Amino acid sequence: MTNDTWVQVREGLLKRVGRNNFVTWIEPLRLMGLDEGVARFEVPTLFFGDWVQRNFADHIRMRLTEAGSPVERLEFAVSNSPRPPLKEVKAAAAVAPVKARPAPPEEDLRGAPLDARFTFDSFVVGKPNELAHAAARRVAEGGPVTFNPLFLYGGVGLGKTHLMHAIAHELQKRQPQARVLYLSAEQFMYRFVQALREREILGFKELFRSVDVLMVDDVQFIAGKDSTQEEFFHTFNALVDQNKQIVISADRAPGEIKDLEERIKSRLQCGLVVDLHPTDYELRLGILQQKADFYREQYKGLVIADGVLEFLAHRITTNVRVLEGALTRLFAFASLVGREITLDLAQDCLADILRASDRKVTIEEIQRKVAEHYNIRLSDMIGPKRLRTIARPRQVAMYLAKQLTPRSLPEIGRRFGGRDHTTIMHGVRKIEELMATDSQLADDLQLLRRLLQA
Ligand code: ADP
Ligand code: MG
(Lines give C-alpha, C1' and ligand atoms only; values in the text may rest on other atoms or scores of the structure.)
(Ligands and ions follow the chains in the order given, each with its own letter.)
Protein backbone atom coordinates (compact mmCIF):
# COMPACT_ATOMS: atom_id res chain seq x y z
CA MET A 1 0.00 0.00 0.00
CA THR A 2 1.26 3.43 -0.83
CA ASN A 3 1.31 6.63 1.08
CA ASP A 4 -1.40 7.85 -1.24
CA THR A 5 -3.70 5.10 -0.07
CA TRP A 6 -3.13 6.14 3.53
CA VAL A 7 -4.00 9.68 2.55
CA GLN A 8 -7.26 8.40 1.09
CA VAL A 9 -7.97 6.28 4.11
CA ARG A 10 -7.46 9.29 6.28
CA GLU A 11 -10.02 11.22 4.31
CA GLY A 12 -12.51 8.47 4.97
CA LEU A 13 -11.63 8.61 8.65
CA LEU A 14 -12.12 12.34 8.76
CA LYS A 15 -15.76 11.82 7.82
CA ARG A 16 -16.19 9.08 10.40
CA VAL A 17 -14.58 10.61 13.45
CA GLY A 18 -15.20 14.30 12.92
CA ARG A 19 -12.78 17.12 12.44
CA ASN A 20 -11.76 17.55 16.07
CA ASN A 21 -10.91 13.94 16.64
CA PHE A 22 -9.25 13.77 13.30
CA VAL A 23 -6.92 16.67 13.94
CA THR A 24 -6.08 15.49 17.42
CA TRP A 25 -5.75 11.75 16.93
CA ILE A 26 -5.56 10.69 13.30
CA GLU A 27 -3.46 13.33 11.65
CA PRO A 28 -0.47 12.80 13.93
CA LEU A 29 -0.38 9.06 13.20
CA ARG A 30 2.42 7.94 10.95
CA LEU A 31 1.97 4.66 9.17
CA MET A 32 5.31 2.89 9.39
CA GLY A 33 4.49 -0.42 7.80
CA LEU A 34 1.79 -2.89 6.98
CA ASP A 35 2.27 -6.60 6.59
CA GLU A 36 0.64 -9.86 7.60
CA GLY A 37 -2.46 -8.05 8.78
CA VAL A 38 -0.58 -5.81 11.18
CA ALA A 39 -0.49 -2.06 10.68
CA ARG A 40 2.28 -0.32 12.57
CA PHE A 41 2.02 3.32 13.46
CA GLU A 42 4.39 5.73 15.03
CA VAL A 43 2.81 7.95 17.65
CA PRO A 44 4.08 10.92 19.63
CA THR A 45 3.49 9.37 23.03
CA LEU A 46 2.55 6.17 24.71
CA PHE A 47 -0.69 7.56 25.98
CA PHE A 48 -1.53 8.66 22.47
CA GLY A 49 -1.17 5.11 21.16
CA ASP A 50 -3.36 3.70 23.93
CA TRP A 51 -6.04 6.22 23.22
CA VAL A 52 -6.14 5.59 19.49
CA GLN A 53 -6.13 1.86 20.11
CA ARG A 54 -9.11 2.11 22.41
CA ASN A 55 -11.16 4.63 20.48
CA PHE A 56 -10.33 4.49 16.82
CA ALA A 57 -8.81 1.09 16.08
CA ASP A 58 -12.01 -0.30 14.61
CA HIS A 59 -12.49 2.64 12.30
CA ILE A 60 -8.93 2.46 11.11
CA ARG A 61 -9.04 -1.28 10.48
CA MET A 62 -12.26 -1.00 8.51
CA ARG A 63 -11.08 1.86 6.33
CA LEU A 64 -7.80 0.11 5.61
CA THR A 65 -9.55 -3.10 4.74
CA GLU A 66 -11.95 -1.24 2.45
CA ALA A 67 -8.96 0.31 0.72
CA GLY A 68 -7.68 -3.15 -0.10
CA SER A 69 -5.29 -3.74 2.77
CA PRO A 70 -6.94 -6.18 5.17
CA VAL A 71 -5.79 -5.43 8.69
CA GLU A 72 -6.45 -7.34 11.88
CA ARG A 73 -4.31 -5.60 14.39
CA LEU A 74 -2.81 -2.17 15.00
CA GLU A 75 0.50 -1.64 16.71
CA PHE A 76 1.82 1.60 18.03
CA ALA A 77 5.34 2.65 18.73
CA VAL A 78 6.73 5.82 20.15
CA SER A 79 9.51 7.62 18.40
CA ASN A 80 12.80 7.41 20.24
CA SER A 81 14.24 10.49 18.71
CA PRO A 82 13.41 13.88 20.16
CA ARG A 83 9.83 14.50 19.22
CA PRO A 84 9.66 15.64 15.59
CA PRO A 85 7.01 17.98 14.29
CA LEU A 86 3.95 15.80 14.11
CA LYS A 87 3.07 16.27 10.49
CA GLU A 88 6.44 15.57 9.01
CA VAL A 89 6.59 12.11 7.48
CA LYS A 90 9.81 10.43 8.39
CA ALA A 91 11.12 7.60 6.32
CA ALA A 92 12.76 5.47 8.94
CA ALA A 93 12.38 6.72 12.43
CA ALA A 94 13.88 4.62 15.16
CA VAL A 95 10.96 3.01 16.90
CA ALA A 96 10.62 1.34 20.25
CA PRO A 97 7.86 -1.06 21.18
CA VAL A 98 5.06 0.60 23.07
CA LYS A 99 5.21 -1.84 25.95
CA ALA A 100 8.70 -0.79 26.90
CA ARG A 101 7.26 2.49 28.16
CA PRO A 102 9.78 4.73 26.52
CA ALA A 103 10.86 7.70 28.51
CA PRO A 104 10.03 11.11 27.14
CA PRO A 105 13.09 12.67 25.55
CA GLU A 106 15.62 13.81 28.12
CA GLU A 107 15.52 17.34 26.85
CA ASP A 108 11.84 17.61 27.75
CA LEU A 109 12.77 16.56 31.23
CA ARG A 110 15.08 19.46 31.64
CA GLY A 111 13.39 21.85 33.97
CA ALA A 112 14.97 25.05 35.04
CA PRO A 113 18.75 24.93 35.10
CA LEU A 114 20.18 24.11 38.51
CA ASP A 115 22.52 26.55 40.15
CA ALA A 116 25.73 24.63 40.80
CA ARG A 117 26.39 26.64 43.94
CA PHE A 118 23.14 25.66 45.61
CA THR A 119 24.25 22.48 47.33
CA PHE A 120 23.85 21.09 50.81
CA ASP A 121 27.52 21.80 51.41
CA SER A 122 27.05 25.49 50.87
CA PHE A 123 23.84 25.67 52.90
CA VAL A 124 24.45 27.02 56.37
CA VAL A 125 22.18 25.45 58.94
CA GLY A 126 20.86 27.38 61.90
CA LYS A 127 17.87 27.34 64.17
CA PRO A 128 15.56 29.09 61.70
CA ASN A 129 16.09 26.56 58.94
CA GLU A 130 17.15 23.34 60.63
CA LEU A 131 13.84 21.58 60.14
CA ALA A 132 13.55 22.51 56.49
CA HIS A 133 17.13 21.39 56.01
CA ALA A 134 16.56 18.06 57.71
CA ALA A 135 13.45 17.39 55.64
CA ALA A 136 15.25 18.29 52.43
CA ARG A 137 18.10 15.98 53.37
CA ARG A 138 15.67 13.18 53.95
CA VAL A 139 14.10 13.61 50.53
CA ALA A 140 17.53 13.83 48.92
CA GLU A 141 18.45 10.43 50.33
CA GLY A 142 15.92 9.07 47.87
CA GLY A 143 14.67 6.33 50.17
CA PRO A 144 11.04 5.30 50.43
CA VAL A 145 8.68 8.24 50.28
CA THR A 146 7.64 8.98 53.83
CA PHE A 147 5.93 12.32 53.40
CA ASN A 148 4.37 13.65 50.28
CA PRO A 149 4.62 16.40 49.38
CA LEU A 150 7.40 18.15 51.18
CA PHE A 151 6.10 21.68 51.34
CA LEU A 152 8.70 24.34 52.07
CA TYR A 153 7.60 27.85 52.71
CA GLY A 154 9.07 31.11 53.89
CA GLY A 155 9.75 34.70 52.94
CA VAL A 156 11.90 35.87 50.08
CA GLY A 157 15.56 34.94 50.13
CA LEU A 158 15.43 32.47 52.98
CA GLY A 159 16.80 29.53 51.00
CA LYS A 160 13.82 27.68 49.50
CA THR A 161 15.24 27.55 46.01
CA HIS A 162 18.67 26.75 47.38
CA LEU A 163 17.31 23.72 49.23
CA MET A 164 15.37 22.46 46.23
CA HIS A 165 18.42 22.65 43.99
CA ALA A 166 20.42 20.93 46.68
CA ILE A 167 17.92 18.06 46.69
CA ALA A 168 18.16 17.78 42.91
CA HIS A 169 21.98 17.79 42.95
CA GLU A 170 22.11 15.18 45.65
CA LEU A 171 19.59 12.90 43.97
CA GLN A 172 21.45 13.14 40.69
CA LYS A 173 24.60 12.11 42.47
CA ARG A 174 23.06 9.21 44.36
CA GLN A 175 20.68 7.97 41.70
CA PRO A 176 21.80 9.14 38.27
CA GLN A 177 18.99 7.21 36.61
CA ALA A 178 16.25 8.89 38.64
CA ARG A 179 14.14 11.33 36.70
CA VAL A 180 14.20 14.51 38.68
CA LEU A 181 12.32 17.49 37.35
CA TYR A 182 12.72 20.89 38.96
CA LEU A 183 10.88 23.92 37.66
CA SER A 184 9.15 27.03 38.81
CA ALA A 185 5.37 27.17 38.90
CA GLU A 186 5.65 29.82 36.24
CA GLN A 187 7.47 27.43 33.94
CA PHE A 188 4.93 24.77 34.71
CA MET A 189 2.22 27.12 33.51
CA TYR A 190 4.21 28.17 30.50
CA ARG A 191 4.72 24.58 29.39
CA PHE A 192 1.10 23.77 30.02
CA VAL A 193 -0.11 26.68 27.91
CA GLN A 194 2.35 25.83 25.18
CA ALA A 195 1.16 22.23 25.19
CA LEU A 196 -2.42 23.41 24.85
CA ARG A 197 -1.51 25.60 21.96
CA GLU A 198 0.44 22.94 20.17
CA ARG A 199 -2.11 20.24 20.90
CA GLU A 200 0.52 18.38 22.85
CA ILE A 201 -1.43 18.11 26.03
CA LEU A 202 -1.12 14.36 26.19
CA GLY A 203 2.61 14.55 25.81
CA PHE A 204 2.61 17.11 28.58
CA LYS A 205 0.60 14.89 30.86
CA GLU A 206 2.72 11.91 30.13
CA LEU A 207 5.93 13.77 30.67
CA PHE A 208 4.91 15.08 34.06
CA ARG A 209 3.58 11.72 35.11
CA SER A 210 6.78 9.95 34.18
CA VAL A 211 9.11 11.67 36.61
CA ASP A 212 10.36 10.15 39.85
CA VAL A 213 10.71 13.40 41.69
CA LEU A 214 8.85 16.57 40.81
CA MET A 215 9.83 19.88 42.34
CA VAL A 216 7.76 22.98 41.75
CA ASP A 217 9.14 26.24 43.09
CA ASP A 218 7.02 29.25 44.09
CA VAL A 219 3.71 27.49 43.68
CA GLN A 220 1.79 30.56 44.88
CA PHE A 221 2.22 31.72 41.30
CA ILE A 222 -0.50 29.42 40.00
CA ALA A 223 -3.12 30.71 42.43
CA GLY A 224 -6.02 32.21 40.53
CA LYS A 225 -4.89 30.66 37.24
CA ASP A 226 -7.70 28.21 36.89
CA SER A 227 -6.79 25.71 34.24
CA THR A 228 -3.15 25.64 35.32
CA GLN A 229 -4.25 24.93 38.90
CA GLU A 230 -6.48 22.21 37.62
CA GLU A 231 -3.70 20.60 35.63
CA PHE A 232 -1.30 20.94 38.51
CA PHE A 233 -3.80 19.21 40.77
CA HIS A 234 -4.13 16.24 38.43
CA THR A 235 -0.40 15.95 37.93
CA PHE A 236 0.08 16.12 41.65
CA ASN A 237 -2.48 13.41 42.36
CA ALA A 238 -1.18 11.13 39.66
CA LEU A 239 2.33 11.30 41.09
CA VAL A 240 1.21 10.83 44.66
CA ASP A 241 -0.74 7.79 43.55
CA GLN A 242 2.40 6.37 42.02
CA ASN A 243 4.24 7.10 45.23
CA LYS A 244 6.57 9.56 43.53
CA GLN A 245 8.14 12.28 45.62
CA ILE A 246 6.93 15.83 45.23
CA VAL A 247 8.60 18.90 46.65
CA ILE A 248 6.80 22.23 46.59
CA SER A 249 7.81 25.67 47.73
CA ALA A 250 5.78 28.80 48.30
CA ASP A 251 6.14 32.13 49.99
CA ARG A 252 3.49 31.25 52.56
CA ALA A 253 1.70 28.29 54.11
CA PRO A 254 -0.72 26.35 51.87
CA GLY A 255 -3.75 27.58 53.77
CA GLU A 256 -2.70 31.17 53.33
CA ILE A 257 -2.32 31.23 49.57
CA LYS A 258 -5.15 33.33 48.24
CA ASP A 259 -7.13 32.11 45.23
CA LEU A 260 -5.78 28.61 45.52
CA GLU A 261 -8.48 25.99 45.28
CA GLU A 262 -9.44 24.42 48.58
CA ARG A 263 -8.82 20.89 47.39
CA ILE A 264 -5.30 21.86 46.33
CA LYS A 265 -4.65 23.51 49.66
CA SER A 266 -5.71 20.45 51.54
CA ARG A 267 -3.66 18.19 49.27
CA LEU A 268 -0.60 20.32 49.84
CA GLN A 269 -1.10 20.05 53.57
CA CYS A 270 -1.15 16.28 53.47
CA GLY A 271 2.58 15.83 53.57
CA LEU A 272 5.16 17.60 55.62
CA VAL A 273 4.80 21.36 55.80
CA VAL A 274 7.89 23.16 57.09
CA ASP A 275 8.68 26.80 57.18
CA LEU A 276 11.95 28.61 56.91
CA HIS A 277 11.90 31.21 59.64
CA PRO A 278 13.42 34.64 59.23
CA THR A 279 17.15 34.45 59.81
CA ASP A 280 18.58 35.15 63.22
CA TYR A 281 21.87 36.83 63.99
CA GLU A 282 23.85 33.59 64.32
CA LEU A 283 22.63 32.23 60.99
CA ARG A 284 23.39 35.47 59.22
CA LEU A 285 26.86 35.54 60.69
CA GLY A 286 27.39 31.91 59.69
CA ILE A 287 26.40 32.62 56.11
CA LEU A 288 28.64 35.68 55.99
CA GLN A 289 31.59 33.75 57.36
CA GLN A 290 31.18 31.07 54.77
CA LYS A 291 30.96 33.62 51.97
CA ALA A 292 33.89 35.55 53.32
CA ASP A 293 36.04 32.41 53.33
CA PHE A 294 35.15 31.92 49.72
CA TYR A 295 36.03 35.51 48.82
CA ARG A 296 39.29 35.43 50.74
CA GLU A 297 40.27 32.59 48.46
CA GLN A 298 39.19 34.51 45.41
CA TYR A 299 40.69 37.85 46.28
CA LYS A 300 43.93 36.69 47.75
CA GLY A 301 45.50 39.08 50.19
CA LEU A 302 42.34 40.97 50.97
CA VAL A 303 41.93 41.56 54.68
CA ILE A 304 38.67 41.97 56.46
CA ALA A 305 38.84 43.68 59.83
CA ASP A 306 37.39 42.15 62.95
CA GLY A 307 33.83 43.10 63.60
CA VAL A 308 32.80 43.84 60.03
CA LEU A 309 30.92 40.60 59.49
CA GLU A 310 29.28 40.97 62.89
CA PHE A 311 28.25 44.48 61.99
CA LEU A 312 26.65 43.31 58.74
CA ALA A 313 24.91 40.37 60.39
CA HIS A 314 23.51 42.78 62.91
CA ARG A 315 22.37 45.45 60.51
CA ILE A 316 21.21 43.63 57.40
CA THR A 317 18.30 41.58 58.59
CA THR A 318 16.02 41.59 55.57
CA ASN A 319 17.08 38.54 53.63
CA VAL A 320 20.04 36.42 52.73
CA ARG A 321 20.15 37.58 49.15
CA VAL A 322 20.70 41.17 50.27
CA LEU A 323 23.26 40.01 52.78
CA GLU A 324 25.21 38.18 50.11
CA GLY A 325 24.93 41.08 47.73
CA ALA A 326 26.39 43.37 50.36
CA LEU A 327 29.40 41.16 50.92
CA THR A 328 29.99 40.70 47.22
CA ARG A 329 30.00 44.41 46.68
CA LEU A 330 32.24 45.00 49.65
CA PHE A 331 34.91 42.59 48.45
CA ALA A 332 34.75 43.85 44.89
CA PHE A 333 35.09 47.43 46.04
CA ALA A 334 37.90 46.72 48.48
CA SER A 335 39.89 44.83 45.88
CA LEU A 336 39.38 47.66 43.43
CA VAL A 337 40.72 50.32 45.74
CA GLY A 338 43.22 47.94 47.33
CA ARG A 339 42.18 48.62 50.89
CA GLU A 340 41.45 46.57 53.94
CA ILE A 341 37.76 46.03 54.60
CA THR A 342 37.08 48.08 57.68
CA LEU A 343 33.92 49.15 59.39
CA ASP A 344 34.25 52.60 57.83
CA LEU A 345 34.69 51.19 54.39
CA ALA A 346 31.67 48.97 54.87
CA GLN A 347 29.54 51.86 56.03
CA ASP A 348 30.54 53.98 53.05
CA CYS A 349 30.28 51.31 50.46
CA LEU A 350 26.99 49.91 51.70
CA ALA A 351 25.24 53.09 52.79
CA ASP A 352 22.22 52.48 50.59
CA ILE A 353 21.75 48.88 51.67
CA LEU A 354 22.18 49.76 55.33
CA ARG A 355 19.66 52.54 55.07
CA ALA A 356 17.14 50.31 53.33
CA SER A 357 17.47 47.58 55.91
CA ASP A 358 17.02 49.79 58.92
CA ARG A 359 14.45 47.85 60.79
CA LYS A 360 10.96 49.23 60.67
CA VAL A 361 9.48 48.82 64.10
CA THR A 362 5.73 48.72 64.52
CA ILE A 363 3.70 50.07 67.39
CA GLU A 364 2.30 46.60 68.01
CA GLU A 365 5.78 45.16 68.40
CA ILE A 366 6.68 47.91 70.81
CA GLN A 367 3.59 47.27 72.90
CA ARG A 368 4.28 43.56 72.94
CA LYS A 369 7.92 43.85 73.90
CA VAL A 370 7.27 46.44 76.58
CA ALA A 371 4.41 44.42 78.05
CA GLU A 372 6.68 41.39 78.12
CA HIS A 373 9.48 43.31 79.74
CA TYR A 374 7.32 44.71 82.52
CA ASN A 375 5.33 41.56 82.83
CA ILE A 376 1.94 43.09 82.21
CA ARG A 377 -0.82 42.01 79.88
CA LEU A 378 -0.78 43.25 76.32
CA SER A 379 -4.44 44.18 76.68
CA ASP A 380 -3.54 46.50 79.57
CA MET A 381 -1.34 48.46 77.18
CA ILE A 382 -4.39 49.73 75.42
CA GLY A 383 -6.88 49.31 78.24
CA PRO A 384 -8.04 52.04 80.66
CA LYS A 385 -6.27 51.02 83.91
CA ARG A 386 -4.49 53.89 85.63
CA LEU A 387 -2.51 51.87 88.14
CA ARG A 388 1.10 53.06 88.22
CA THR A 389 2.45 49.57 87.49
CA ILE A 390 0.53 49.60 84.27
CA ALA A 391 0.45 53.28 83.38
CA ARG A 392 4.24 53.62 83.49
CA PRO A 393 5.00 50.79 81.05
CA ARG A 394 2.27 52.18 78.84
CA GLN A 395 4.04 55.53 78.80
CA VAL A 396 7.31 53.80 78.00
CA ALA A 397 5.63 52.21 75.00
CA MET A 398 4.24 55.56 73.93
CA TYR A 399 7.67 57.10 74.18
CA LEU A 400 9.27 54.33 72.13
CA ALA A 401 6.50 54.53 69.54
CA LYS A 402 7.24 58.21 69.11
CA GLN A 403 10.98 57.59 68.94
CA LEU A 404 11.15 54.50 66.76
CA THR A 405 8.26 54.87 64.34
CA PRO A 406 7.31 57.69 61.99
CA ARG A 407 3.77 57.75 63.39
CA SER A 408 2.14 61.01 64.48
CA LEU A 409 0.78 61.52 67.98
CA PRO A 410 -2.87 61.09 66.93
CA GLU A 411 -1.96 57.88 65.11
CA ILE A 412 -0.17 56.58 68.14
CA GLY A 413 -3.16 57.59 70.27
CA ARG A 414 -5.42 55.47 68.12
CA ARG A 415 -3.22 52.41 68.63
CA PHE A 416 -3.35 52.93 72.37
CA GLY A 417 -7.05 52.29 72.64
CA GLY A 418 -8.16 55.54 71.03
CA ARG A 419 -6.42 57.91 73.42
CA ASP A 420 -6.16 61.59 72.67
CA HIS A 421 -2.91 62.91 71.20
CA THR A 422 -2.41 65.12 74.27
CA THR A 423 -2.35 61.99 76.42
CA ILE A 424 0.40 60.57 74.23
CA MET A 425 2.36 63.81 74.39
CA HIS A 426 2.06 63.85 78.15
CA GLY A 427 3.32 60.26 78.33
CA VAL A 428 6.30 60.98 76.10
CA ARG A 429 7.27 64.05 78.17
CA LYS A 430 6.90 62.17 81.40
CA ILE A 431 9.34 59.50 80.29
CA GLU A 432 11.82 62.08 79.01
CA GLU A 433 11.73 63.75 82.41
CA LEU A 434 12.08 60.58 84.40
CA MET A 435 14.93 59.23 82.29
CA ALA A 436 17.20 62.01 83.44
CA THR A 437 16.96 60.91 87.07
CA ASP A 438 15.86 57.29 87.02
CA SER A 439 18.78 55.19 85.89
CA GLN A 440 16.78 51.98 86.08
CA LEU A 441 14.30 53.42 83.61
CA ALA A 442 17.12 54.61 81.38
CA ASP A 443 18.56 51.11 81.34
CA ASP A 444 15.16 49.61 80.56
CA LEU A 445 14.76 51.94 77.65
CA GLN A 446 18.17 51.16 76.29
CA LEU A 447 17.52 47.44 76.48
CA LEU A 448 14.09 47.71 74.90
CA ARG A 449 15.41 49.84 72.11
CA ARG A 450 18.09 47.31 71.36
CA LEU A 451 15.63 44.41 71.41
CA LEU A 452 13.29 46.20 69.08
CA GLN A 453 15.95 47.18 66.62
CA ALA A 454 17.73 43.85 66.54
P1 ADP B 1 14.20 31.84 48.24
O2 ADP B 1 14.05 30.84 47.15
O3 ADP B 1 13.70 31.35 49.56
O4 ADP B 1 13.68 33.19 47.90
P5 ADP B 1 17.01 31.44 47.72
O6 ADP B 1 17.08 29.98 47.92
O7 ADP B 1 17.01 31.93 46.32
O8 ADP B 1 15.76 32.05 48.49
O9 ADP B 1 18.19 32.11 48.52
C10 ADP B 1 18.65 33.43 48.26
C11 ADP B 1 20.15 33.46 48.35
O12 ADP B 1 20.53 33.25 49.70
C13 ADP B 1 20.82 32.36 47.56
O14 ADP B 1 21.99 32.87 46.98
C15 ADP B 1 21.13 31.30 48.59
O16 ADP B 1 22.28 30.56 48.24
C17 ADP B 1 21.37 32.11 49.83
N18 ADP B 1 21.01 31.41 51.05
C19 ADP B 1 19.79 31.39 51.65
N20 ADP B 1 19.83 30.66 52.77
C21 ADP B 1 21.09 30.21 52.89
C22 ADP B 1 21.76 29.38 53.85
N23 ADP B 1 21.14 28.88 54.92
N24 ADP B 1 23.07 29.12 53.65
C25 ADP B 1 23.71 29.63 52.58
N26 ADP B 1 23.14 30.40 51.64
C27 ADP B 1 21.85 30.70 51.79
MG1 MG C 1 13.13 31.03 45.30
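1. In this predicted model, Lys265 is buried, its relative accessible area being 11%. Glu262, by contrast, is exposed at 58%. The two form a salt bridge in which the closest N and O atoms are 3.5 Å apart. Both belong to helix α10 (residues 262-268), where a spacing of three residues separates them by about one helical turn.

2. A second salt bridge joins Arg329 to Asp352, with 3.0 Å between the closest N and O atoms. Arg329 lies in helix α13 and Asp352 in helix α15 (residues 351-356), so this pair ties together parts that are 23 residues apart in sequence. Arg329 is partly exposed, with 32% relative accessibility, and Asp352 is likewise partly exposed, at 38%.

3. Lys385 and Asp380 also form a salt bridge, the closest N and O atoms being 3.3 Å apart. Here Asp380 is buried, at 10% relative accessible area, whereas Lys385 is partly exposed, at 39%. The structure holds 20 salt bridges, and Glu170, Lys173 and Arg174 are linked in a network of them.

4. The largest pocket contains about 780 Å³ of space. It is lined by 30 residues, and those closest to its centre are Phe118, Gly159, His162, Val320 and Glu324. Helices α6 (160-174), α11 (281-298) and α13 each give two or more residues to the lining; the largest share, six residues, comes from α11.

5. Phe333, found in helix α13 (residues 320-337), is partly exposed, with a relative accessible area of 33%. Together with Leu336 and Val337, Phe333 forms a nonpolar surface patch of about 290 Å² accessible area.

Note on methods. Residues are numbered from 1 along each chain as its sequence is written. Chains are lettered from A and ligands numbered from 1 in the order in which they are written. This is a predicted model: local features need pLDDT of at least 70, side-chain atom pairs count only at pLDDT 80 or more; totals for chains, interfaces and linings use all residues. Side-chain values use heavy atoms; hydrogens and water are left out. Patches are made of residues with over 30% relative accessible area and no salt bridge: like charges are joined within 9 Å, nonpolar side chains (Val, Leu, Ile, Met, Phe, Trp, Tyr) within 5 Å. Accessible areas come from the Shrake-Rupley method with a 1.4 Å probe; for residues, only the protein chains shown count as cover. A salt bridge is a side-chain nitrogen of Lys or Arg within 4 Å of a carboxyl oxygen of Asp or Glu. Helices (H or I, at least four residues) and strands (E, at least two) are DSSP runs, numbered from the N terminus. Buried means under 20% relative accessible area, exposed over 50%, partly exposed in between (1.4 Å probe, protein chains only). On a 1 Å grid over the protein atoms alone, a cavity is a set of points where a 1.4 Å probe fits but cannot get out, and a pocket is an open set with protein on both sides within 12 Å along at least five of seven lines; lining residues have an atom within 4 Å of a point. Grid points are joined across faces, edges and corners, and a volume is the space filled by probe spheres set on the points.
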